[in-house]
Amino acid sequence: MRCFTILLFFSSIVAVGSASDVEDEGMISQVVEIHRLRPQTGSAGYTVPQLDCLSWRLAVETNNLQNWRLVPKECENYVGHYMLGKQYRRDCEYVAKQAIEYAKALKLGGDGKDVWVFDIDETTLSNLPYYARSDVAFGAIAYNNTKFNAWIAEGKAPAIPSILGVYKTVLSLGIKPVFITGTRENFKQVRIVNLKKVGYSNWAALILKGENDSGSAVQFKSSKRTELVKAGYRIVGNIGDQWTDLIGENVGARTFKVPDPMYYIS
């Protein structure tokens with residue numbers, strides 16, 4: 001009997017030890033997986049020497065990295081995979097979800113003076129078909145004004161679906177959409193046709209950059225928002241892909257930034 005008790009006690013110790021080993025293996029496995037998540041290569045598996053593309057993109061989105069002109073050559077593949085993949089779409093959808101929840105919770109004036117400011121390029125319309133071209137390389141090749149304007153003139157930019165959802169929600173709530181874009185005035189008709197073709201059916205104002213509009217993007221957009229406020233409008237929301245859309249004067253009650261690691265406008 002004593003022999004059986006000792007054997008049972010020993011078996012219990014082995015069982016506990018085995019269970020502990022299984023738990024330890026599980027913890028070790030989790031730690032290994034966590035370390036695997038550390039981005040050490042570009043999106044296609046290419047090693048990025050002394051440059052972490054995910055951290056670079058984070059710095060871009062938070063405006064910690066400013067006044068940059070080109071996507072680093074080492075990150076061209078990473079940016080391309082991000083923009084064409086699921087993550088960019090999901091990131092836009094998440095921004096849109098926050099904007100819609102905010103809009104639905106607003107207490108509006110009921111006098112038709114509540115407006116929501118929308119940027120156009122990479123906010124309501126996407127230029128991704130242009131930026132995916134080999135001669136543009138997702139912003140890794142220097143900006144060419146002539147080529148970009150030729151693309152705009154085609155009027156083929158698709159909508160960003162999630163932001164179109166924000167637009168439709170805003171409209172349904174009685175908030176008037178206002179578009180403010182750095183696009184030049186001579187492209188106004190093209191932009192009107194393009195916007196309407198993809199679902200942006202009406203707006204309170206479509207403001208483009210005129211011949212007499214000079215200064216930085218911040219100054220231009222600030223001045224146009226200020227004109228709205230002086231006319232008695234309340235900017236309840238403001239959404240754009242560039243920080244220049246969201247800083248300066250009269251930015252609105254709340255701003256929302258859509259991701260864009262392809263270019264920086266100062």
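Leaving aside its neighbours within four places in sequence, with which residues is arginine 191 in contact? This tour opens with that residue. The structure is a predicted model, in which local features need pLDDT of at least 70, side-chain atom pairs count only at pLDDT 80 or more, and totals for chains, interfaces and linings use all residues. Residues are numbered from 1 along each chain as its sequence is written, and side-chain values use heavy atoms, with hydrogens and water left out.

**Stop 1: arginine 191**

Select arginine 191, which is found in helix H8 (residues 188-197); helices (H or I, at least four residues) and strands (E, at least two) are DSSP runs, numbered from the N terminus. Contact here means heavy atoms within 4.5 Å. With neighbours within four places in sequence set aside, arginine 191 is in contact with Ile120, Asp121, Leu125, Asn127, Ile152, Thr181 and Thr183. Its relative accessible area is 2%, so arginine 191 is buried. The classes are buried (under 20% relative accessible area), exposed (over 50%) and partly exposed (in between), with a 1.4 Å probe and protein chains only.

**Stop 2: two residues with positive phi**

Then select asparagine 250, in the loop between E4 and strand E5 (255-257). This residue is not a glycine either, yet its phi is positive, at about 50°.

**Stop 3: the disulfide**

Display the cysteine side chains. The structure holds 1 disulfide, defined as a pair of cysteine sulfur atoms within 2.5 Å. The bond joins cysteine 53 to cysteine 75, with an S to S distance of 2.1 Å. Distant parts of the chain are linked by this pair, 22 residues apart: cysteine 53 lies in helix H2 (residues 53-61), and cysteine 75 lies in the loop between H2 and helix H3 (76-84). The torsion about the S-S bond is about -90°, so the disulfide is left-handed. Cysteine 53 is buried at 3% relative accessible area, and cysteine 75 is buried at 0%. Cysteine 92 may also be selected here; at 1% relative accessibility, cysteine 92 counts as buried.

**Stop 4: the cavities**

How many cavities of 30 Å³ or more are there? The count comes to 2. On a 1 Å grid over the protein atoms alone, a cavity is a set of points where a 1.4 Å probe fits but cannot get out, and lining residues have an atom within 4 Å of a point. Grid points are joined across faces, edges and corners, and a volume is the space filled by probe spheres set on the points.

For the largest cavity, with a volume of about 40 Å³, select Val60, Glu61, Asp241, Gln242, Trp243, Lys257, Asp260, Tyr263 and Tyr264. This lining divides into 4 nonpolar, 1 polar and 4 charged residues, where Ala, Val, Leu, Ile, Met, Phe, Trp, Tyr, Cys and Pro count as nonpolar, Asp, Glu, Lys and Arg as charged, and the others, Gly among them, as polar.

The second largest cavity holds about 30 Å³ of space. Select its lining: Val117, Phe118, Asp119, Ile180, Lys221, Arg225, Asn238, Ile239 and Asp245. Strand E1 (114-118), helix H9 (217-230) and strand E4 (234-240) are the elements that give two or more residues to this lining. By class, the lining of the second largest cavity has 4 nonpolar, 1 polar and 4 charged residues.

Methods. 1 Å grid on protein atoms, 1.4 Å probe; cavity = no way out; pocket = protein on both sides within 12 Å on 5 of 7 lines; lining within 4 Å.
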